[in-house]
Amino acid sequence: MLAVIVFHIDAAWLPGGFTGVDMFFVISGFGISQALASRGSQPTARLLLDFYRRRALRLLPVLLLMLLATFVLSALFIPRAWRNEQFDQTGWAALAGLSNIVLAGQDDDYFSPGAELNPFLHTWTLGVEEQFYLVFPLVFMVWLRGRGYWWRTPALLPVLTGLSVLWAGWQAQVAPTSAFYLVLGTGGRRAAVPMDADARG
């Protein structure tokens, strides 16, 4: 986190600081994998419902407080001439964990001056995390429970990981903004995104 903060203060101080976001996502992935595996003896439906309940209790109270404070403070301190409809769209989308999708469809990329004025810009990482939480536990449970029933199941996660890396590399070339903001990039417009941010995929 400190690397990301230093990078945003002045990118010249720590050019690779944005890698901190990638590291957070990797650590989060290991954390939820361990949490699911340690409860692997529970029925699948109960396990997944309990997982999503705990994620909601951990994220939603702080998210609501942050969004409320940001709405109020931005209304008080950001001049009306600087605000636009995209700011509010991003904030409301963050409530549903979709701000990264809204940002990917806007004209400004993450490092453009217009985007830097958006007080909800930072919520894109939470959107990626929440969408990952929806998909990955299902895939992980298929892998975890299916290893004893189908001989190809152990290869599921390594194969999906390899395909994900290839997809991220291709998206970083053809649609960098989508590769930056989205869990699965779309073939959208090109945008200027620094190379260390491309790797987030």
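Start with the whole chain in view: of its contacts (heavy atoms within 4.5 Å) with a separation of 6 or more, 59% are between residues 24 or more positions apart. What you have open is a predicted model, in which local features need pLDDT of at least 70 and side-chain atom pairs count only at pLDDT 80 or more, while totals for chains, interfaces and linings use all residues. Residues are numbered from 1 along each chain as its sequence is written, and side-chain values use heavy atoms, with hydrogens and water left out.

**The whole chain**

Switch to a cartoon view and color by secondary structure. You will find ten helices and zero strands, where helices are DSSP runs of H or I with at least four residues, strands are runs of E with at least two, and numbering goes from the N terminus. Following the sequence gives the pattern α-α-α-α-α-α-α-α-α-α.

Of the 201 residues, 40% are buried. Buried means under 20% relative accessible area, exposed means over 50%, and partly exposed is in between (1.4 Å probe, protein chains only).

**Stop one: helix 3**

Select residues 44-77, which form helix 3.

Zoom in on Leu59. Helix 3 has a kink of about 30° here, shortly before the proline Pro61. The bend at a residue is the angle between axes fitted to the seven residues ending there and the seven starting there.

Next, show side chains. Buried residues of helix 3 include Leu47, Phe51, Arg55, Leu59, Leu63 and Leu67. An α-helix has 3.6 residues a turn, so residues three or four places apart point the same way.

- Ser74 is in helix 3 and counts as buried at 10% relative accessibility. Leaving aside residues up to four places away in sequence, Ser74 touches Arg83 and Pro119.
- Leu64, also found in helix 3, is partly exposed, with a relative accessible area of 47%. Its C-alpha lies 9.4 Å from that of Ala94, 30 residues away in sequence.

**Stop two: helices 7 and 8**

Select residues 124-146 (helix 7) and 156-174 (helix 8): their axes come within 9 Å and cross at roughly 140°. Axes are lines fitted to C-alpha atoms, for helices over the stretch in contact, and angles run from 0 to 180 degrees between N-to-C directions. Helix 7 brings Phe136, Val139, Phe140, Val142 and Trp143 to the contact, and helix 8 brings Leu156, Leu157 and Leu160. These residues divide into eight nonpolar, no polar and no charged. Ala, Val, Leu, Ile, Met, Phe, Trp, Tyr, Cys and Pro count as nonpolar, Asp, Glu, Lys and Arg as charged, and the others, Gly among them, as polar.

Now click Ala155, in the loop between helix 7 and helix 8. Ala155 is partly exposed at 37% relative accessible area, and its C-alpha is 8.6 Å from that of Trp143, twelve residues apart along the chain.

Finish at Gly169 in helix 8, partly exposed with a relative accessible area of 38%. Gly169 and Ala179 are ten residues apart in sequence and 8.4 Å apart in space, C-alpha to C-alpha.

How values were computed
Expected span 1.5 Å × (residues − 1).
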